[in-house]
There are 2 protein chains.
Amino acid sequence: MKALIFDLDGTLVDTVYAHVLAWQQTLGKAGLIVTGQRIHRLIGMSGDLLIRSAARELGREIGSSESKELQLRHGELFEQLLPEPRLLPGARELIFFLQDNSIPFGIATSGRRPKINPSLDKLGLDPKIAVIERRDVAYGKPEPDLFEACRQRLGVNAEECYVVGDAVWDLFAARRIGILGLALKCGGYGADELYRAGAYRVFRDPADLHNSLDELGMLY
Amino acid sequence: MKALIFDLDGTLVDTVYAHVLAWQQTLGKAGLIVTGQRIHRLIGMSGDLLIRSAARELGREIGSSESKELQLRHGELFEQLLPEPRLLPGARELIFFLQDNSIPFGIATSGRRPKINPSLDKLGLDPKIAVIERRDVAYGKPEPDLFEACRQRLGVNAEECYVVGDAVWDLFAARRIGILGLALKCGGYGADELYRAGAYRVFRDPADLHNSLDELGMLY
């Protein structure tokens, strides 16, 4: 196996719970009352899909300009709630290990620049590393476009790389383009939920994944 | 089956995600860096145990006065993050149904008054309803003291009632005193995690439980 394609939020940075609260309060102010648990299980989808999905459960339709406005407010509130996102355990060490050993990897996130910049900065990414963000593709997760664009940028075949994510949407998108999915529990899903969504292996966090690279056929 | 003993946070009120963020930031400021996911899976324990457990994972010991101070700060931050807790879907309707039909029930929570008062107010509880809080017993969850005190107040035998909770700690505590546990997914645990911790049945939220009272031998 030659390469890794990482999701960002919940996989490398510990942002899921702040995103949940920011979405819940943003949607609540717009009259869309959704439980924290429901939002948690929608996180990882692109923002526009998350809004549409939450609204549909309530029998509401949200237009595209209202959706954009809500995404903007979510971004502001998220920044207030979590001005300095923390890396997940072992994330930086894993990234540095991959960089030092010239193991190809990229990041494919439903987030957008500049909102994701603080997280990317913390990781200490080499500027050569491919970062595919929401704006780079037509459709966010669970469409596979982000992962597919990252795979092409890395120049590897689907059967030569893994997607690493924390949400069932990562696993669903990976499976649709024939890429094996590795799941991390640090986004808050239970292991069974991840296996049932097609995870090939489930790890606790980036540190646990790092310790298992041998078992994944990544080291020779 | 004669009676129900309810957990409060994550079971009747939608407070888990705000508690996670409040604990994470409170502990982080004290140098205890814990992921959101780890805290999420500790929620439902009493605050003192949650702090000790999080600290132990980091190889730290927290004294009882520091623990009290942290619990105080958590309470303040929680109130800032979520000044008005929302009821979970169907919670009020379920409580009213039980009251109207004279089905005995009580609340047994690791929370403390006055912090839990806004949540209790929203439920519209009859003042006669038993509310057992952390201060009423020697040990919080996962010790069974809260549920046991509530069971005694209701005057029912262990085999005649259910505990309803959202966390594995509720299920563990219930099992230790021979009470069947019903679990709700609205606190953010996956169904498998709840079944494996001994849930007899898992429901989506209070509304789903309400619709299933017949299947639980509660209605005649």
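Reader: How many helices and strands are there in chain A?
Author: Chain A has 10 helices and 6 strands. Helices (H or I, at least four residues) and strands (E, at least two) are DSSP runs, numbered from the N terminus. The model is predicted: local features need pLDDT of at least 70 and side-chain atom pairs count only at pLDDT 80 or more, while totals for chains, interfaces and linings use all residues. Residues are numbered from 1 along each chain as its sequence is written, and chains are lettered from A and ligands numbered from 1 in the order in which they are written.

Reader: What makes chain A as compact as a globular protein of that length?
Author: The globule rule is 2.2 Å times the number of residues to the power 0.38, and the radius of gyration is taken over C-alpha atoms. For 220 residues the rule gives 17 Å, and the radius of gyration of chain A is 17 Å, so chain A is as compact as a globular protein of that length. Along its principal axes the C-alpha trace spans about 55 × 30 × 30 Å.

Reader: Which share of the contacts in chain A with a separation of 6 or more comes from residues 24 or more positions apart?
Author: The share is 63%. A contact means that the C-beta atoms of two residues, placed from the backbone, lie within 7 Å.

Reader: Why is A:L184 called buried?
Author: A residue is buried if 20 or more other C-beta atoms lie within 10 Å of its own, exposed if 12 or fewer, and partly exposed in between, with C-beta atoms placed from the backbone. A:L184 has 29 other C-beta atoms within 10 Å, so A:L184 is buried. The residue is found in strand 5 (residues 180-184) of chain A. Leaving aside neighbours within four places in sequence, its contacts include A:T11, A:V164 and A:F203. In chain A, buried residues make up 52% of the 220 residues.

Reader: Why is A:S102 called exposed, and what is its phi?
Author: A:S102 has 6 C-beta neighbours inside 10 Å, so A:S102 counts as exposed. Its phi is positive, about 50°, although A:S102 is not a glycine. Most residues other than glycine have a negative phi, and most peptide bonds are trans. A:S102 lies in the loop between helix 5 (91-100) and strand 2 of chain A. In chain B, B:S102 also has a positive phi of about 50°, and B:S102 counts as exposed with 6 C-beta neighbours inside 10 Å.

Reader: Where are cis peptide bonds found?
Author: One joins A:R113 and A:P114, with omega about 0°. A:P114 is placed in the loop between strand 2 (105-108) and helix 6 (117-123) of chain A. Another joins B:K141 and B:P142, with omega about 15°. B:P142 lies in the loop between strand 3 (130-132) and helix 7 (145-154) of chain B.

Reader: How do you know what span is expected of helix 4 of chain A?
Author: The expected span of a helix is 1.5 Å times one less than its number of residues. Helix 4 (residues 64-81) of chain A has 18 residues, and 26 Å is expected; from its first C-alpha to its last the helix reaches 25 Å, close to that value.

Reader: What makes the buried residues of helix 4 of chain A line one face?
Author: The buried residues are A:L70, A:H74 and A:F78. The arc is that of the directions from the helix axis to the C-beta atoms. Seen down the axis of helix 4 of chain A, the buried residues fall within an arc of 75°, so they line one face of the helix. These buried residues pack against helix 1 (16-29) and helix 3 (47-57) of chain A. The face turned away from the buried side carries the exposed residues A:S65, A:L72, A:E76 and A:Q80.

Reader: How do you know that chains A and B are related by a two-fold axis?
Author: Copies are superposed by least squares on the C-alpha atoms of residues with pLDDT of at least 70 in both. Chain B can be laid on chain A with an RMSD of 0.0 Å by a turn of 180° and a shift of 0.0 Å along the axis. That is therefore the relation of a two-fold axis. In chain B, the C-alpha nearest the axis is that of B:G190, 2.7 Å from it.
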